[in-house]
Amino acid sequence: MIAKVLEYADEYRMLPSAGVVLVCVSGGADSMCLLEIMRHISYERGFRIVAAHYNHGLRGEESDRDETFVMNICEEHGIPFYSDRGDVRSNAKRRSTGIEETARDMRYSFFYQTASKVSALRIATAHTINDNTETMLLNFVRGAGAIGMAGIPPVRDDVIRPLLCISREEVMSFIEERNLPFVEDSTNKLDIYSRNKMRHNVIPLLEEFNPRFHEIAFSSARLFRADEDFIADIANLFIQDCCAGHTTDAKDLAVLPFSVSSRVIRKIYSTSSPGAPTLSHNHVNDVLRLCLSDSPSASLSLPGMTVYREYDRVVFDAQPKSGDAEFAPVYPMVGDSLIILGLGLKITCKSITFDDNIKGNASLTSFMFKSVDICGRITVRPRRSGDTVKLSGQSGTKSLKKLFIEKRIPMRKRALIPVICDDEGVLGIYGIGASDRAVPKSGDLTVSIIFEEI
C-alpha cells in the first residue's frame, strides 16, 4: 500500500526532499490512513510532517471529539498539531452559499494559513478514488466539460492528493491491518448533502452495471486530464503569442476551435478578474458572438467585468464600466501647471515668442497658438456633440465624431481625450493634432500648452 502511494506520488512529483508537508487530518479513516502513510514516507524521503485539523462546528460534541482525537494521536506520535474552528452555518447564511461549499472554503483557508505559518512546502489531503468518482459525477450533473470530468487533480498548486490512486476499500484494509484508530462522522450516513446522496444512491446503481466502476472512472479521469492539459497548453500558447495584456484580435480568437477559444476566454477572464466565478458556456458563447459582431464598438457584461469590441480587438476590462464618464474641464492660463484628474496628465501653459526653430504643433502632445487669434479663454475639456475641426495641413472640416472613427479610437475612450478649445471652437486635440486656426508664425507672441503623463 505504501509503495503504491509512493509510486503515484513520484509520478506527479508530489513530495519534497526536505522541509515540511502539512497533512490535513479530519480523524476519519481516509485521513488517518494518509497520516500513517505520510509518517512512514517522511522517514524515507527526509521531510517532516505537521498535522492540521479544522473543526467545522457542525456536529456539536462530535466535532469536538474529532478534534481531541486527532490532537491525541499526533501527541502520541510526536507530530506537531494545529487546529482551528469556525461557525460554518453562520458564514453560509451570511455569504448565501451552501454548507458544503462554505465548509470547504473555511477549511482550505485555514490549511493555507497554517501552511504559511509552518513554512510547509506541500498540503496533503486524503482524497481517494471514491472521492474522485463522486466529484466527477457531481460535476457531470452540473454540466461539466473535460476539466470537470477530470475529477480531482493529483496536484493543484501546493495541494497534493497522495491517496488518489487507492480506493476506500483499500483504505479500510490498511486501517484493519495496522489496527489504526479512527472516528466516524455520523453525517456521512445521512443523505443531507449532495455528495452523500451520490455515494449512497447513485454509485451503487452504477456498480451494478460495472463492479469496477470506481477504477474505470479513475482511468477516464486521467484521460480527460491528459486531454485538458494538452488543449490548455495550446490555449496558453495563443495567449502568450497573441494576447497583449487582457486584449486580443477578435477574429483570431473567433476562428480558433471552440475547445481552445473557450479556454482562452476563461483564462483571460480569470486573470483579469481574480476570484471571479467560472464563466458559463453561455457566457463564453456571448464573447465569441461579440468577436464576430459587425459593430466596432459593442460591449458585453460578464460577472465583475465588461468585454468591449474595439474595432479589430476584444478587450476584457475588470474596471467598473465607465459608460459616458468624462473628466472635468480645466481652464489653463499663462503660468499655470494643472492636473487633469482621472487622466494622469499634467498641463503646463506658458507664453513664448515663436520662432522657426520651434516645431510648432508638430507634436501631438505640445500645442502652440497665436495669442491674438485666441477668442476668449482657453478650455481643455472632453469632446461635445457638434464639435468640428479643420486640422492644420488637411482640407475640409470634420466632426470630432467622424475624426475619432477614422482614427479608430474606441468609443469608450473618446470622452477621455482632451480637446483644447476657445470661445470660437476647437483649437487642438490631444494625440491627434491642432486646427488650422491660430497657427503662429516667427515672431508671434504664442500660448504654449504642453501635456505630460504623470
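1. In this note, Ala, Val, Leu, Ile, Met, Phe, Trp, Tyr, Cys and Pro count as nonpolar, Asp, Glu, Lys and Arg as charged, and the others, Gly among them, as polar. By that division, the lining of the largest cavity comprises three nonpolar, three polar and two charged residues. The structure under discussion is a predicted model.

2. The residues that line the largest cavity are Val 389, Lys 390, Leu 391, Gln 394, Ser 395, Gly 396, Lys 398 and Leu 403. The volume of this cavity is about 40 Å³. How many cavities of 30 Å³ or more are found by this rule? The count comes to one.

3. The largest nonpolar core contains 41 residues, and those that touch the most other members are Leu 15, Val 23, Leu 35, Met 38 and Leu 163. At least two residues of this core are supplied by each of α1 (2-11), β1 (20-24), α2 (29-45), β2 (48-55), α3 (61-77) and α8 (168-178). Helix α2 provides the largest share, eight residues. As general background, nonpolar side chains tend to be buried together in soluble globular proteins.

4. With residues up to four places away in sequence not counted, Val 23 touches Leu 34, Leu 35 and Met 38, together with Ile 49, Val 50, Ala 51, Ala 52 and Ala 124. Of these partners, Leu 35 and Met 38 are also listed among the core residues that touch the most other members.

5. Thr 133 lies in helix α6, which spans residues 129-142. Is this residue buried or exposed? Thr 133 has a relative accessible area of 1%, and it is therefore buried, the cut-off for that term being under 20%. Apart from neighbours within four places in sequence, Thr 133 is in contact with Ile 203, Phe 213, His 214 and Ala 217.

6. An open sheet is formed by four strands in the order β15-β18-β19-β20, with antiparallel pairing. Which strands stand at the edges? They are β15 (379-381) and β20 (433-434), each of which pairs on one side only.

7. Strand β15 is joined to β18 (residues 419-422) by three bridges, and the two strands run antiparallel. Within this part of the sheet, Val 380 stands opposite Ile 420 in β18.

Notes: Residues are numbered from 1 along each chain as its sequence is written. This is a predicted model: local features need pLDDT of at least 70, side-chain atom pairs count only at pLDDT 80 or more; totals for chains, interfaces and linings use all residues. Side-chain values use heavy atoms; hydrogens and water are left out. A nonpolar core is a set of buried Ala, Val, Leu, Ile, Met, Phe, Trp, Tyr and Cys residues joined through side-chain atoms within 4.5 Å. Buried means under 20% relative accessible area, exposed over 50%, partly exposed in between (1.4 Å probe, protein chains only). Contact means heavy atoms within 4.5 Å. On a 1 Å grid over the protein atoms alone, a cavity is a set of points where a 1.4 Å probe fits but cannot get out, and a pocket is an open set with protein on both sides within 12 Å along at least five of seven lines; lining residues have an atom within 4 Å of a point. Grid points are joined across faces, edges and corners, and a volume is the space filled by probe spheres set on the points. Two strands pair if DSSP finds at least two bridges between them.
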